[in-house]
Amino acid sequence: MDVAYNPYDPGVNDDPYPVYERLRSEAPIYHNAELGFWALSRHADVAAALGDSARLSSDHGPMLDPGAWGPQARTYLSFVAMDPPEHTRMRAIVSRAFTPRRVAALEPMIRQIARGYIEEGLERGTFDFARDFAAKLPLDVISELMGVPPSDRADVRRKSDVLVNYDPDGKMSDKGLKSLLSLGEYYASIVADRQAAPRDDLVSALVGDGGLSVEEIVAFLFLLIGAGSETTTHLLSAAWYWAWRNPAQRAAAFGGAIAQWAEESLRYDTPAHGLARRLTEPIEWHGVLVPAGAKVWILIGSANRDESVFPDPDLYDLGRDTSKAISFGVGRHYCLGGPLARLEARVALEELTKAVSMDYDIDQEGIRRTVHTNVRGMLRLPTTVTPA
Ligand code: HEM
């Protein structure tokens, strides 16, 4: 039977890897006419397509969901939904503020936040690793980076949830739209504050640069939350879960292989699962001509399990070479927050291995995954821990 792939199918959502394997071998360019997309699944095709931003445009945004795909995407996704020259201009301005120095300076704060949540978890014994730890840390870090005071952070978390959670038909609910608008107003108030009284934070640096309008800065703050928060959350949960499932790898992780733990989790259960692009001209893949204007769905999740690049790809193995994993993208849109994500993962995993005994447990039945196509990971991960 011909391979069928529907990313909204709950079975595919639970475990997409068997269908990816079939796509790679039987239909390396796959057309889903009903949902209106073409899919690329082989590592070589994924890497080449992401690197070819002239023919595979980002101007409709990277989201597969119909409600989020279109020329309006840039209003809340900023420059990840732009092509040159606008992308080049915005990314250059933001990069001047998002410096390695500013990222490195966050380490003590990240450690302090991580310790606080780990202590709370240890006191309770049983807690939700995804909700109570992995979701809170990255959003707090971004809030800190932006200058959102601690008293407003829970509110920001509630409102930002809708950015990555759509209704099953791919549309944002009215309630979601309302909280998005109110988050936009809140961010605009932070920008206005920094215009009046600059501090040593990212928003002040963006305001001070003078190259961006208030709307452009607010859109970028949305992008930071959308791109930098949930992805890092899923990386932390994936590391915790897959180490639990693989005791020998867990021993290596708790023995100090922290960087490998993060990198293999990024490859194995990759959070930025797929990216959409719009073809600016017809392209032929594997003998099939895909027309100009087509929506192409580029499956990073499949590329990272491609057997031609990663031997035994379905094995979770901290000892493997992960250098070819595409977890942070390729080319001009390569993740701007990669170093921050890696720093957060290192600090969080270091603190966990210091404070928590390695015989922690997970309630497999209680796990809930996202039902979202671009970003994939765990929303619920009940765990039981004891002190190290
Ligand atoms: C494990 C965590 C993360 C993963 C897996 C991830 C993955 C990605 C990927 C695949 C892209 C490319 C998008 C495209 O080509 O359309 C991207 C872009 C981006 N990421 Fe990340 N990311 C992570 C964390 C972060 C963090 C922590 C931040 C910032 C706080 C961040 C900020 C961005 C930005 C601003 C872009 C847009 C870059 C551009 O369009 O030029 N990301 N990310």
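Tutor: Two strands count as paired if DSSP finds at least two bridges between them. Keep that in mind for this model, which is predicted.

Student: Which residue in strand 2 is the bridge partner of His31?
Tutor: Strand 1 and strand 2 run antiparallel and are joined by four bridges. Tyr30 stands opposite Ala39 in strand 2. For His31, the bridge partner in strand 2 is Trp38.

Student: What is the phi of Gly36, in the turn between strand 1 and strand 2?
Tutor: The two strands form a hairpin, with four residues between them. Gly36 sits in that turn, and its phi is positive, at about 70°.

Student: Which strands stand at the edges of the five-stranded sheet?
Tutor: This sheet is open and its pairing is mixed. The strand order is 1-2-8-5-3.

Student: At what angle does helix 3 run to strand 8?
Tutor: Helix 3 spans residues 43-51. It lies across strand 2, strand 3, strand 5 and strand 8. To strand 8 (295-299), its angle is about 125°.

Student: In the sheet ordered 4-12-9, which residue of strand 12 is the bridge partner of Thr126?
Tutor: The three strands form an open sheet with antiparallel pairing. Strand 4 (126-128) is one of its edge strands. Strand 4 pairs with strand 12 (residues 382-384) over three bridges. Within strand 12, Thr126 has as its bridge partner Thr384.

Student: How far apart are the axes of helix 7 and helix 9?
Tutor: Two packed helices are described by an angle between their axes and a distance between those axes. For helix 7 (residues 107-124) and helix 9 (residues 136-146), the angle is about 145°. Their crossing is right-handed. The distance between the axes is 10 Å.

Student: How many charged residues does the contact of helix 7 with helix 9 have?
Tutor: Helix 7 contributes Met109, Ile110, Ile113, Ala114 and Tyr117, and helix 9 contributes Lys136, Leu137, Asp140, Val141 and Glu144. By class, seven are nonpolar and no polar residue takes part. The charged residues number three.

Student: Which helix gives the largest share of the shell around the ligand?
Tutor: The shell has 26 residues, with Gly228, Gly329, His333, Cys335 and Gly337 the closest. Helix 13 (214-228), helix 14 (230-245) and helix 18 (338-355) each give two or more residues. By class, the shell has 17 nonpolar, eight polar and one charged residues. The largest share, four residues, comes from helix 13.

Student: Is Ser78 buried or exposed?
Tutor: Ser78 lies in the loop between helix 4 and helix 5. Its phi is positive, near 55°, though the residue is not glycine. The cut-off for buried is 20 or more other C-beta atoms within 10 Å. Ser78 has 28, so it is buried.

Student: And Asp312, buried or exposed?
Tutor: Asp312 is in the loop between helix 17 and helix 18. Its phi is also positive, near 50°. With 9 other C-beta atoms within 10 Å, Asp312 is exposed.

Student: What is the omega of the peptide bond from Pro84 to Pro85?
Tutor: Pro85 is in the loop between helix 4 (74-77) and helix 5 (86-97). The bond from Pro84 is cis, with omega near 5°.

Terms used:
Residues are numbered from 1 along each chain as its sequence is written. This is a predicted model: local features need pLDDT of at least 70, side-chain atom pairs count only at pLDDT 80 or more; totals for chains, interfaces and linings use all residues. A residue is near a molecule or strand if its C-beta atom, placed from the backbone, lies within 6 Å of it. Ala, Val, Leu, Ile, Met, Phe, Trp, Tyr, Cys and Pro count as nonpolar, Asp, Glu, Lys and Arg as charged, and the others, Gly among them, as polar. Two residues are in contact if their C-beta atoms, placed from the backbone, lie within 7 Å. Axes are lines fitted to C-alpha atoms, for helices over the stretch in contact, and angles run from 0 to 180 degrees between N-to-C directions. A crossing is left-handed if the near helix is turned anticlockwise from the far one by less than a right angle, and right-handed if clockwise. A residue is buried if 20 or more other C-beta atoms lie within 10 Å of its own, exposed if 12 or fewer, and partly exposed in between; C-beta atoms are placed from the backbone.
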